[in-house]
Amino acid sequence: DNNLTFQQHAKRKLKQCWFSWYQITKDCTRYRGLNVSTLVILFKTIVLTKLLYAAPVWVDKNTDVFKSFFARVCLKISGSTHYPSQNLTLLAMGLEPLEVLCTEVAVKFILKGLHSDVGMRCLILQIEGSRDHPLYNQIVATKEYLAFTYPRLLQSFLGRSLPLHSIQEAQAVYSKEEMWKFKMKKWKDSIISSPKDEKLRYLLTLSDLAT
């Protein structure tokens, strides 16, 4: 579209995801078929890979399009007969929320861009200074990841936003373990700041006090 909202693209993606999910679960019921762990694996490898392809470019303003789909998937996998807390259901299944998964893809994309040629790195640095750019939120998430991974580097800027030009190429990397810790932090922060899931928020607060 002319305004680069990617709404039509998101709707097409949603149809593709529904079709793939139907093909996976058409012979599954609450009493027979694939078990929870198998459904989670198939959802991640077949549906999510389709949904998250090139996600940093288009998904940021279109996550609402997939909320109902994601909720229905959670119900189907968990076998719930009502609508329980989605965060609790996702925790039980070992599946992160869509927003957290999108953040992971975006951070990896930006970090790879910082490792790319000079032109790509310069483009990312330009986007960093433009709050209206579609990729600006992804830049912010990447800076949060770098500050989380290199807290001493953040301290050198007295708690201010970490400028990407200060990041050396050797620092613009990620490991599976570091990315997992960052995702869990983002998820935990979103639960604590949310008015929903009071019991889960209370348990997370207790775990912070215990540590």
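The legends below describe several close-up views of one predicted model.

The model is predicted, so local features are described at a pLDDT of at least 70 and side-chain atom pairs count at pLDDT 80 or more, while totals for chains, interfaces and linings use all residues. Residues are numbered from 1 along each chain as its sequence is written, and side-chain values use heavy atoms, with hydrogens and water left out.

**Figure 1. The whole chain, read along its sequence.** The chain has 11 helices and 0 strands, where helices (H or I, at least four residues) and strands (E, at least two) are DSSP runs numbered from the N terminus. Of the 211 residues in the chain, 38% are buried; here buried means under 20% relative accessible area, exposed means over 50%, and partly exposed lies in between, with a 1.4 Å probe and protein chains only. Among the contacts in the chain with a separation of 6 or more, 65% are between residues 24 or more positions apart, a contact being heavy atoms within 4.5 Å.

**Figure 2. Helix α4 and its buried residues.** Helix α4 covers residues 67-78, and its 12 residues should span 16 Å at 1.5 Å a residue, which agrees with the 17 Å between its end C-alpha atoms; the expected span is 1.5 Å times one less than the number of residues. The buried residues of α4 are F69, F70, A71, V73, C74, L75 and I77, and what covers them includes α1 (7-25), α2 (36-51), α5 (86-93) and α6 (98-114). R72 also lies in α4, but R72 counts as partly exposed because its relative accessibility is 46%. Leaving aside residues up to four places away in sequence, R72 touches W18 and Y83; R72 and Y83 are 11 residues apart in sequence, and their C-alpha atoms are 9.3 Å apart in space. Just after α4, G79 takes a positive phi of about 75°.

**Figure 3. The packing of α2 and α4.** Two packed helices are described by the angle between their axes and the distance between the axes. The axes of α2 and α4 come within 10 Å and cross at roughly 155°; axes are lines fitted to C-alpha atoms, for helices over the stretch in contact, and angles run from 0 to 180 degrees between N-to-C directions. The helices α2 and α4 are therefore roughly antiparallel to each other, since angles under 35 degrees count as roughly parallel, over 145 as roughly antiparallel, 65 to 115 as roughly perpendicular and the rest as oblique. On the α2 side, V36, L39, V40, F43, V47 and L48 meet F69, F70, V73 and I77 of α4. These contact residues divide into 10 nonpolar, no polar and no charged, where Ala, Val, Leu, Ile, Met, Phe, Trp, Tyr, Cys and Pro count as nonpolar, Asp, Glu, Lys and Arg as charged, and the others, Gly among them, as polar.

**Figure 4. The packing of α6 and α10.** Helix α6 packs against helix α10 (residues 176-192) at an angle of about 140°, with their axes 10 Å apart. That angle makes α6 oblique to α10. In this contact V100, T103, E104, V107 and K108 of α6 meet M179, F182, K183, K186 and W187 of α10. The contact residues divide into 5 nonpolar, 1 polar and 4 charged.

**Figure 5. The packing of α7 and α8.** Helix α7 (residues 118-128) and helix α8 (residues 136-149) have axes that come within 9 Å and cross at roughly 100°. The two helices α7 and α8 are therefore roughly perpendicular to each other. The contact is made by I124, I127 and E128 of α7 together with Y136, I139 and K143 of α8, and these residues divide into 4 nonpolar, no polar and 2 charged.

Figure 6. S20 lies in helix α1, and S20 is buried because its relative accessible area is 11%. Not counting residues up to four places away in sequence, S20 touches I46, V47 and K50.

Figure 7. Most residues other than glycine have a negative phi. F6, in the segment before α1, has a positive phi near 60° and is partly exposed, with a relative accessible area of 24%. A54, in the loop between α2 and α3 (55-58), has a positive phi near 55° and is likewise partly exposed, with a relative accessible area of 38%.
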